[in-house]
Amino acid sequence: MNEIKLQEIKEKALKDHIPIIMDETLDFLEKILSSKKPKKILEIGTAVGYSAICFSKYLDKDGKIDTIEREEERVIEAKENIKKAEVQNKINILYGDATSILPTLKEKYDVVFIDAAKGKYPFFLKEALRLLEKEGIIIADNILYKGYVMSDYNKHKQRTAVRNLREYIKEITENPNLDTQILEIGDGLAISKLK
Ligand code: SAH
Ligand code: MG
């Protein structure tokens, strides 16, 4: 991977206000991913490809990432970035809404990274569980959503997102097949390992 290009991609994304993965989140995931060495990663929410490019470093030999994005402009930029970073042989972008793409997927994944529409997290979880390999890991970003999820203030316009993030947390903590940790890293990170 081309690290200089990666830095340029990150700086442009930040300048364009693309909500890319936070440094401290990435640092934390680095430990998990480098010990797991996934063969297949599924990402929901590509944006401009920054997190997928970062994750590609931790893939097993011949490992692959499938990543889903619904905004055409972002898909175009992500493709350019992936090429710039010289990881086009490792990352495959699926263009479309994850709610329609996920049900068509059949192959299993070692890691699923959920980082898209917060109101859809419970649906993404259901699909992630269906697509997860044994001992696979589901990682969900922005799970505490600026603190709204753990506060009792319920009147903000992000109400639906908050309700669904709470539902996601309830499901992962109550599911007896999952070992779950909710961490106050970045905007909140949930790590759920399939037992
Ligand atoms: N993972 C990226 C950031 C993703 S930002 C990184 O860290 O670099 C979230 C992205 O998810 C946005 O680009 C948005 O367009 C996309 N998105 C949101 N809901 C989606 C959906 N239902 N299907 C596909 N993409 C979605
Ligand atoms: Mg995020």
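Mentor: The magnesium ion (ligand 2) is coordinated by Asp115 (OD), Asp141 (OD) and Asn142 (OD1), at 2.1 to 2.2 Å. This is a predicted model, where local features need pLDDT of at least 70, side-chain atom pairs count only at pLDDT 80 or more, and totals for chains, interfaces and linings use all residues. Residues are numbered from 1 along each chain as its sequence is written, chains are lettered from A and ligands numbered from 1 in the order in which they are written, and side-chain values use heavy atoms, with hydrogens and water left out.

Trainee: How are the donor residues spaced in sequence?

Mentor: The pattern is D-x25-D-N. Asp115 lies in the loop between strand E4 (109-114) and helix H6 (121-131), and Asn142 in the loop between strand E5 (132-141) and helix H7 (159-174), so the pair ties together parts that are 27 residues apart in sequence. Helices (H or I, at least four residues) and strands (E, at least two) are DSSP runs, numbered from the N terminus.

Trainee: Why is Asp115 called buried?

Mentor: Buried means under 20% relative accessible area, exposed over 50%, partly exposed in between (1.4 Å probe, protein chains only). Asp115 has 16%, so the buried label applies. Asn142 is buried too, at 16%.

Trainee: Which residues are closest to ligand 1?

Mentor: Ile21, Gly45, Glu69, Arg74 and Asp115, out of 19 that surround ligand 1. A residue is near a molecule or strand if one of its heavy atoms lies within 4 Å of it.

Trainee: What makes the approach of Glu69 to ligand 1 a polar contact?

Mentor: A polar contact is a pair of N or O atoms within 3.5 Å; within protein, one must be able to donate a hydrogen and the other to accept it, and residues adjacent in sequence count only if both atoms are side-chain atoms. A polar side-chain atom of Glu69 lies 2.6 Å from an oxygen atom of ligand 1. Ser51 puts a polar side-chain atom 2.8 Å from a nitrogen atom of ligand 1. For Ala117, a backbone N or O atom lies 3.2 Å from a nitrogen atom of the ligand.

Methods:
Donors are N, O and S atoms within 2.8 Å of the metal (3.2 Å for Na, K and Ca); water is not among the atoms, so sites may look incomplete.
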